[in-house]
Amino acid sequence: MTDRTLLGVLTPSSNTTLEPVTADILHGVDNTSAHFGRLKVTEISLTEQALSQFDNEPFLEASRLLADARMQSVTWSGTSSGWRGFQDDEILCDAITRETGIPATTSVLALNELFDLTGVKRFGLVTPYLHDVQHKIVENYGRSGYECVAERHLNDKGNFSYSEVSEQTLANMVREVARTQDCQAITIFCTNLRGARVAAELEKEIGIPIYDTISTGIWKGMLLAGADPGKIKNWGSIFSIKP
């Protein structure tokens with residue numbers, strides 16, 4: 001059998017964007033496919049109930065099932081550590097790898113790696129999240145040495161509703177953020193937004209990198225699986241970046 005690249009992806013239960021966008025990004029990349037495990041996430045807020053959705057055990061159970069299909073990497077394609085703290089994702093990835101033997105990453109850890117690789121210290125932030133969630137994301141990045149110099153958000157607790165945000169709305173939010181001249185890159189920070197579909201054209205228009213968090217997870221998931229993200233064409237500059 002021809003060698004295959006099998007990418008495991010963990011997705012929130014109420015997300016309807018991640019799977020079709022991931023399939024479209026990987027379309028035409030020979031012998032490469034993504035396979036999904038879901039865990040219950042229905043609301044994004046700072047309430048105790050909403051935060052508890054991201055406790056590790058459901059992630060581990062979904063990862064065990066993906067391991068049955070011999071995935072070569074597992075990616076949590078979600079952005080919860082943005083407001084919970086990046087250490088959550090580091091702990092989660094270590095736990096998944098201990099449990100399954102499969103290298104693991106997350107969309108946020110991949111984004112942070114891309115910021116470091118491309119020298120980004122001042123960034124723009126586009127999300128659908130509530131005011132207090134947005135504030136926590138900006139605060140957490142600030143503590144880690146990244147300055148959010150401009151942001152736009154929709155003040156929505158979602159999560160299903162995020163998938164209904166139009167590409168035009170996202171593009172306009174990015175343009176508004178890009179008016180800040182100090183911005184070195186912009187992240188569209190939510191894996192239930194269709195940011196990946198507008199990123200490449202917006203990069204050409206505004207002249208700075210656009211790092212969508214569906215794309216960041218795919219980029220790092222491929223690297224961990226021993227595959228070349230550069231095989232992905234026409235989805236933005238992110239896939240040409242090498243560690």
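Reader: Taking contact to mean heavy atoms within 4.5 Å, which residues does F115 touch, not counting residues up to four places away in sequence?

Author: Those contacts of F115 are V120, F123, Y141, Y146, A185, T187 and Y211. This is a predicted model, in which local features need pLDDT of at least 70 and side-chain atom pairs count only at pLDDT 80 or more, while totals for chains, interfaces and linings use all residues. Residues are numbered from 1 along each chain as its sequence is written, and side-chain values use heavy atoms, with hydrogens and water left out.

Reader: Which residues touch the most other members of the largest nonpolar core?

Author: F115 is one of them, together with L10, I25, Y129, Y141 and I232, in a core of 79 residues. Such a core is a set of buried Ala, Val, Leu, Ile, Met, Phe, Trp, Tyr and Cys residues joined through side-chain atoms within 4.5 Å, and buried means under 20% relative accessible area, against over 50% for exposed and partly exposed in between, with a 1.4 Å probe and protein chains only.

Reader: And which helix gives the most to this core?

Author: Helix α6, residues 107-117, gives the most, with six residues. Helices here are DSSP runs of H or I with at least four residues, and strands are runs of E with at least two, numbered from the N terminus.

Reader: How does α6 pack on α10, in angle and in axis separation?

Author: The angle is about 85 degrees and the axes are 8 Å apart, the axes being lines fitted to C-alpha atoms over the stretch in contact for helices, with angles from 0 to 180 degrees between N-to-C directions. That makes α6 roughly perpendicular to α10, a label that covers 65 to 115 degrees. On the α6 side, S107, A110, L111, E113, L114 and L117 take part, and they meet T213, T216, G217, W219 and K220 of α10.

Reader: T213 again; is its side of things buried or exposed?

Author: T213 counts as buried because its relative accessibility is 0%. Beyond its neighbours within four places in sequence, T213 is in contact with S77, T79, S107, L111, T187, I188, F189, C190 and T191.

Reader: What about M222, buried or exposed?

Author: M222 sits in α10, residues 213-224, and it counts as buried because its relative accessibility is also 0%. With residues up to four places away left out, M222 touches L7, L26, V29, A227, D228, P229 and I232.

Reader: Changing topic to strands, what does β3 pair with?

Author: Strand β3 runs parallel to β1, residues 5-12, through four bridges, and it pairs in the parallel sense with β4, residues 104-106, over three bridges; pairing requires that DSSP finds at least two bridges between two strands. L10 stands opposite W76 of β3, while T75 has T105 of β4 as its bridge partner.

Reader: Which residues cover the two faces of β3?

Author: S73 and T75 lie on one side and V74 and W76 on the other, and all are buried. In a regular strand the side chains alternate between the two faces of the sheet.

Reader: What is the strand order in the open sheet of four strands?

Author: The order is β6-β5-β7-β8, with parallel pairing, and β6 (147-153) and β8 (210-212) are the edge strands, each pairing on one side only. Inside that sheet, β5 (residues 122-127) and β7 (residues 185-188) are joined by four bridges, with G124 partnered by I186 in β7. Helix α9, residues 196-206, lies across β7 and β8 and runs at about 170 degrees to β8.

Notes:
Contact = heavy atoms within 4.5 Å. Parallel < 35°, antiparallel > 145°, perpendicular 65-115°, else oblique.
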